[in-house]
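Subject: Structure handover and findings

Dear colleague,

Please find the structure below, together with its sequence. My notes on it follow directly after.

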Amino acid sequence: MKTASKPTADADIRRYMQEVGQRARAAARVMARAETAAKDTALMAMAAEIERQSEALIAANRKDLEAGKIQGLDEALLDRLELNAARVKSMAEGLRQIAALADPVGEITDLNYRPSGIQVGRMRVPLGVIGIIYESRPNVTADAAGLCLKSGNASILRGGSEAIHSNRAIAACIQAGLKQAGLPQDAVQVVETTDRAAVGELIRMKEYVDVIVPRGGKSLIERISAEATIPVIKHLHGVCHVYIDDKADLDKAVKVAFNAKTQRYGTCNTMETLLVAREVAAKVLPVLGKMYQDQGVELRGCEATRKILAGIKAATEEDWHTEYLAPILSIRVVDNVDAAMDHIAKYGSAHTDSIVTEDISRARRFLREVDSSSVMVNASTRFADGFEYGLGAEIGISTDKLHARGPVGLEGLTSVKFVVLGDGHVRK
């Protein structure tokens, strides 16, 4: 396998990362012109190899799990770290789904004649070299490699030290797929060192890396955002809201609000604050409160909420800002849709927010005025996901406003350039 030599404890990390970057830049030029058939062949071969090596991947993962237990990793982190037969199969299926997606590279849109006679359009092109920094979940190695490959990019993957054995084993399957398709193996490189200094180098290699995608906890993303000299595609946290309007169908409202919180607790699109219109609060909160408490969800409420749901904790100012990623929910009674949108504007994280209402005018206002990367009507925030949006596996979610916003799939890993078609035209 052709990769940069693994640095030893005394090696120069900067020299190693520069070598990785040089290889990635060279591979990116090849990937930019790679045919769709070759990319899909690689993806299918990677999927087949991952399934063939399922036992070996699980054995490598077991080393990480054992080390994690010794290091005292909590149960939630160990769960994210674990690979089992079902998760290995899911990784392979994810690569096949990416292969089935349309290739965005080379697509020309908006081609129009200008008065001069030239034709002007826009062509979709790869970003180039993408650095991905992530924690815990080894499946990200396969997902990220697959999305970057299909979108014609080279990638440099730096996983967490807690998953190093798993990531190396998955990388070997990826390399096998690239080789079988005749694509450069340097198109996907996993950083071999767990030294944190490698991250510092990666996020500053402007000559070799075009964009950084951090996937992990708030502290990781804050560090990358503060220190990177390269554009970053990111979201810091997900303080997501569901607002139950006084014009809501309350049966729908109960279904949506319950699912948005309890379908899965540890995801960035899980509802963390429930907003309820004052006029319907006394009708809907007792029903939802019992459902949440039966599910083991701790409730924290404003004064009006606590009058309806006796015995729950008082919500603090900090609660409205908090992404719990746990079975904890803040609830606030608000006067109307304007008050709900004011709350979201003050405390939200521009990730995902939803209104439950039968009033089309209020629904349209909410869609237009709430400044989040995903805004929904009568639907659970848990749908804010690349797969659910038809993008295939996602590289992450962006709450920024430039380039990519919301779940980032293949199109988000490309850019556009202007193309001009003429026939000897000269400007007069």
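Within β4, the residue that bridges to Val-129 is Ala-154. This pair belongs to the parallel pairing of β3 with strand β4 (residues 154-158), which spans five bridges. Two strands are said to pair if DSSP finds at least two bridges between them. Helices (H or I, at least four residues) and strands (E, at least two) are DSSP runs, numbered from the N terminus.

The model is a predicted one, in which local features need pLDDT of at least 70 and side-chain atom pairs count only at pLDDT 80 or more, while totals for chains, interfaces and linings use all residues. Residues are numbered from 1 along each chain as its sequence is written, and side-chain values use heavy atoms, with hydrogens and water left out.

Strand β3 (residues 129-134) is largely enclosed by the rest of the structure, because six of its six residues are buried. Buried means under 20% relative accessible area, exposed means over 50%, and partly exposed lies in between (1.4 Å probe, protein chains only). In a regular strand the side chains alternate between the two faces of the sheet. In β3, Val-129, Gly-131 and Ile-133 point one way, and Ile-130, Ile-132 and Tyr-134 point the other way.

An open sheet of three strands runs in the order β1-β2-β16 with antiparallel pairing. Its edge strands, β1 (108-113) and β16 (414-421), each pair on one side only. On average, neighbouring strands of this sheet are turned by 20 degrees against each other, direction ignored. Eight bridges connect strand β2 (residues 119-126) to β16 in the antiparallel sense, and Gln-119 has Leu-421 of β16 as its bridge partner.

The other open sheet has seven strands, ordered β10-β9-β11-β8-β7-β12-β13, with parallel pairing. Its edges are β10 (313-314) and β13 (374-377); each has a single partner strand, so one side of each is left without a neighbour in the sheet. Strand β8 (residues 271-277) runs parallel to β11 and is joined to it by five bridges, with Ala-277 opposite Val-334 of β11. Helix α11 (residues 278-294) lies across β7 (240-244), β8, β9 (298-301) and β11, at about 145 degrees to β8. Axes are lines fitted to C-alpha atoms, for helices over the stretch in contact, and angles run from 0 to 180 degrees between N-to-C directions.

Two loop residues may also interest you. Thr-381, in the loop between β13 and β14 (396-398), is buried, with a relative accessible area of 0%. Asn-336 is in the loop between β11 (328-334) and α14 (337-347) and is partly exposed, with a relative accessible area of 34%. Its C-alpha atom is separated by 7.6 Å from that of Asp-246, 90 residues apart along the chain.

Finally, there is a helix pair. The axes of α3 (residues 54-71) and α7 (residues 164-181) come within 7 Å and cross at roughly 160 degrees. That makes α3 roughly antiparallel to α7 (angles over 145 degrees count as roughly antiparallel, under 35 as roughly parallel, 65 to 115 as roughly perpendicular and the rest as oblique). Residues of α3 in this contact include Leu-57, Ala-60 and Asp-64, and those of α7 include Ile-164, Ala-169 and Cys-173.

Yours sincerely

Note on methods:
Contact = heavy atoms within 4.5 Å.
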